[in-house]
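User: Got a model here that I'd like to walk through. Can you take a few quick questions?

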Amino acid sequence: MSPEYLINEKFSAKSDVFSFGILILEIISGKRNNFYYSDDVANLMSYAWKLWREGTPLDLLDPTLEGLYARNEATRCIHIALLCVQDDPDARPSMATIVLMLNSYSTTLPLPQ
């Protein structure tokens with residue numbers, strides 16, 4: 001669930017964007033968001049952010065996919081997913097923008113915050 005729904009019970013289209021981002025992370029990693037990682041990382045989303053900050057986002061990928069994906073496309077999907085799960089709903093892209101990002105490499109992706 002999106003942070004704004006958990007805190008204020010406020011639901012919007014940006015809540016759907018948040019859920020879409022979680023879904024992308026789950027598909028790429030082969031794990032559920034509530035999968036426990038370690039003491040400093042409570043869930044899949046936190047783990048994805050940690051790897052992004054460390055510059056190793058591809059460590060998120062399901063090991064069974066090894067050698068079956070293009071590194072730049074996998075990194076782009078993780079990047080888009082992180083844009084979708086940003087805490088600030090106003091910073092998340094719209095679904096129309098996400099579709100454009102997924103279909104066009106000419107679109108420069110902003111850095112997730």
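User: Is cysteine 84 buried or exposed?
Analyst: Cysteine 84 is buried, with a relative accessible area of 0%. Buried means under 20%, exposed over 50%, partly exposed in between (1.4 Å probe, protein chains only). Note that this is a predicted model: local features need pLDDT of at least 70, side-chain atom pairs count only at pLDDT 80 or more, and totals for chains, interfaces and linings use all residues. Residues are numbered from 1 along each chain as its sequence is written, and side-chain values use heavy atoms, without hydrogens and water.

User: And which class does cysteine 77 fall in?
Analyst: Cysteine 77 counts as partly exposed, because its relative accessibility is 28%.

User: How many disulfides?
Analyst: The structure has 0 disulfides, counted as pairs of cysteine sulfur atoms within 2.5 Å.

User: How do the axes of H4 and H5 cross?
Analyst: Helix H4 (residues 71-84) and helix H5 (residues 95-103) cross at roughly 170°, and their axes come within 10 Å. H4 and H5 are therefore roughly antiparallel (angles over 145 degrees). Axes are lines fitted to C-alpha atoms over the stretch in contact, and angles run from 0 to 180 degrees between N-to-C directions. Helices are DSSP runs (H or I, at least four residues), numbered from the N terminus.

User: Which residues make the contact?
Analyst: H4 gives Arg76, Ile80, Leu83 and Cys84; H5 gives Ile98, Met101 and Leu102. Contact means heavy atoms within 4.5 Å.

User: Switching topic: what follows H2?
Analyst: Glycine 30 follows H2, with a positive phi near 75°.

Terms used: Helices (H or I, at least four residues) and strands (E, at least two) are DSSP runs, numbered from the N terminus. Angles under 35 degrees count as roughly parallel, over 145 as roughly antiparallel, 65 to 115 as roughly perpendicular and the rest as oblique.
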